[in-house]
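Here's a quick walk through a two-chain model. Let's begin where the chains meet, then look at each one by itself.

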Amino acid sequence: MRLLPLLFFALSVALAAAFAAFTVEPAGDQVVDLATGVTTLPDGGRLVDAETGLALEAPFIAYQEGVFVRAKKARMTTEKVHFFAEKLDYDVKKGVARLEGGVRLDSPWIEGLKAPGGRYYPEPGVAVLEGGVAAKKPDFAAKTLVADLKKRLALLLGEFRFADPELGVVLKGKGKNARLLLVFDEKGGVSAETEVPEDLYKRLTAFLKED
Amino acid sequence: MRRGLALAVLFGLALAAGCADAPYTLKAPFGLVGGEALSLKAGRLVFKKACFEGEGVRFLAPLLTFDKKQKTLFAEAVRGQALGHPFTAERLTATEAQTRLMGVVLFAGKVRIRAREARIEGERVRLFSLVATTPRYRFKAKEGELLDDRFVALGVWASPCRENAVIELEGERAAFSLQDGRLLIEKGTARYYGCTLARPQRLLLDTRRAPKLTFPLRLGYQNGWTVGLVDFPIPQPEEPFGAWQTHGTLLAEGLGGPEPTLSLGVSAPGARFGVKLKDGDAAIRLAAQPFFAERRFGGESYLKVAPRLKAGDLELRPLLGAAQRPSLAVEGVFAGLHARYTLKANLGDLRVRYAPFFEGIISPAVAPYATWGSRLEASLGAFSLAYQSRLSLDLGAGALAFEYAPPGDALALRYRAFSLVAERHHDAGWDRVALGYRGERFTADLRYGPSAGRWELGLGYRAPRPKVGLALSPSIGWDPAAGLSRAGLRLDYGDGCLVYTLKMDAVFNPWPDEAAGFSWQLGLDLR
């Protein structure tokens with residue numbers, strides 16, 4: 001579970017910095033359009049950050065250094081975190097990666113987290129998952145999730161459900177104003193709170209606006 | 001208690017919204033928890049402005065905590081309902097098996113139960129070290145169990161006294177009905193100043209009504225000594241303590257005088273029976289609605305059936321009877337009708353009630369005769385008037401032998417503490433006019449009898465009934481022609497629970513409707 005923030009953190013590092021200096025392992029052809037500077041791996045391949053070991057693996061990858069990285073069925077892997085997006089479009093200038101067509105995340109902290117789509121902001125390391133999110137472990141579901149990966153926080157927004165099998169209880173939040181802040185500690189524990197400090201709430205919900 | 005009930009009602013309304021509608025809810029095996037905010041930290045789940053709905057219990061609390069390790073719910077300053085009964089509690093702990101309340105106040109009907117501890121287990125509510133306050137009794141028990149409509153307690157103590165438990169009722173077990181407020185104490189002991197008065201197997205109390213305690217002993221002197229018991233209670237099975245409806249009388253009058261009389265009587269709701277013995281003769285009276293039978297001294301006898309029929313404001317009583325009246329040399333059967341109509345009108349602040357009545361008798365033994373009259377009552381603010389008149393008409397020259405009420409008039413005018421009363425009794429040939437003042441403490445009357453040519457001035461002081469201690473209320477009557485005409489003294493002694501009264505009256509110069517003599521009367525009343 002605790003790898004969730006680590007994963008996003010790693011992802012941010014990878015996208016913001018690492019992909020500026022990565023090794024390319026194409027699975028087939030590597031097509032470089034000299035006019036646009038866009039490199040396409042039509043048979044897919046792997047982009048590996050030599051420093052962190054973060055790897056982006058996809059059956060199709062296109063990138064332009066300093067401008068974008070696009071991938072289909074992108075699978076990102078770091079030590080313990082597996083991340084999958086049907087479609088990844090990283091706008092290097094805006095510093096946001098749009099994730100579409102289904103996102104899935106597995107880590108020792110959160111397993112089986114799924115959402116139809118979302119966005120990832122490498123700096124400051126915030127992920128927004130929208131359209132109905134659900135995780136297997138811990139067992140929760142919410143309309144929207146905003147996660148500050150550096151601070152190991154996840155804010156559930158809108159109607160939510162959070163089950164604690166140890167307690168044998170199911171917590172529910174009602175209506176569009178419902179919220180639940182999940183804080184993961186280093187030992188893998190999670191604490192939950194509906195009274196979110198006002199400044200934190202403002203800072204995290206600001207990422208709900210796309211630009 | 002009213003405030004408590006109001007709170008309970010308000011709380012009931014607050015609960016009616018339902019815990020499922022709370023912004024944040026928790027579904028646990030033992031119930032549903034809700035709140036306006038929640039936090040889960042280190043295995044402790046805290047709800048703020050919380051509510052709970054479980055089997056047989058629901059409540060609100062400012063803060064509710066669920067402990068992961070103990071699998072226990074904790075709350076303080078709780079307001080709720082247990083099996084439909086509103087309660088408040090200082091603290092609450094709940095597990096799947098049991099809900100425990102500490103410092104509980106529970107409202108069951110009109111009864112307020114305060115307990116050190118309450119345990120709710122499914123459909124049972126068990127209470128420990130409890131004190132209950134009912135409208136008329138204080139009640140304590142070591143342990144009790146609240147069921148749907150009754151409350152069963154063990155090791156019970158009850159007292160009708162608000163202070164100084166002069167009267168104590170104890171029992172091994174008691175069952176309290178929340179429906180009718182009746183408390184049945186089993187294997188009881190009744191104590192007065194610590195002395196055991198009785199050990200009834202079953203003692204029933206009506207906790208909604210004050211027990212009516214009377215002191216039936218009579219002592220007086222009027223043409224001889226009067227001594228005996230009047231209206232002493234004869235408790236019946238299933239009749240609450242102090243709510244006895246059957247009474248007996250055993251009274252000797254005129255002892256040492258020319259006409260000693262012994263009276264025996266029993267009265268029950270709707271029925272009375274009495275026998276008087278005097279000088280080898282007997283007078284018997286039996287009344288059991290609608291029958292009435294009487295034999296007077298000297299052999300006059302009378303039998304009547306008079307059922308009461310009501311149709312709206314009209315009341316009819318057909319009469320059928322037989323009588324033997326040697327004094328009037330009349331005997332035979334008779335029939336008649338008594339009719340009364342009551343008219344009520346409210347004209348702004350003016351309230352008027354007018355009731356005319358008629359009674360007609362026919363008999364083969366005497367000529368027909370009739371009595372009629374009316375009663376008028378009116379009030380306007382602090383002013384009130386009552387006037388009653390009764391006239392009779394005898395169609396033949398015979399005696400008004402059977403049903404007969406003597407004609408007369410009575411007028412009463414009242415304004416606050418002041419009154420003017422005039423009475424005229426045609427047959428008895430006397431009349432009286434009285435001007436009175438009846439204040440909170442002092443009373444004064446000026447009475448005048450035109451036919452007797454007599455005046456009397458009465459003065460009295462009424463002491464407030466003492467909580468503890470003695471109070472004296474003297475009164476006198478003074479006749480300008482004869483001097484002191486009457487004197488009275490009432491002594492009230494209060495012990496914090498009961499007020500004991502000794503009333504002594506002496507009449508030196510009687511009016512036509514009273515006799516000279518003196519009487520003592522003892523009374524007993526709960527404060």
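## A sheet across the chains

This is a predicted model. Strand 16 of chain A and strand 1 of chain B (residues 24-28) run antiparallel, joined by 4 bridges.

## The wider interface

How many residues of chain A are in contact with chain B? There are 16 of them, and they are in contact with 14 residues of chain B. On the chain A side, strand 16 (169-173) and strand 18 (190-193) each supply at least two of the residues that touch chain B. Strand 16 of chain A gives the largest share of that side, with 5 residues.

## Chain A by itself

Chain A has 211 residues, and 41% of them are buried. Its secondary structure comes to 18 strands and 2 helices. Take the contacts in chain A between residues at least 6 apart in sequence: 40% of these join residues at least 24 apart.

## Chain B by itself

Chain B holds 40 strands and 1 helix. Out of its 527 residues, 21% count as buried. As for contacts in chain B with a separation of 6 or more, residues 24 or more positions apart account for 34%.

Terms used
Residues are numbered from 1 along each chain as its sequence is written. Chains are lettered from A and ligands numbered from 1 in the order in which they are written. This is a predicted model: local features need pLDDT of at least 70, side-chain atom pairs count only at pLDDT 80 or more; totals for chains, interfaces and linings use all residues. Two residues are in contact if their C-beta atoms, placed from the backbone, lie within 7 Å. Two strands pair if DSSP finds at least two bridges between them. A residue is buried if 20 or more other C-beta atoms lie within 10 Å of its own, exposed if 12 or fewer, and partly exposed in between; C-beta atoms are placed from the backbone.
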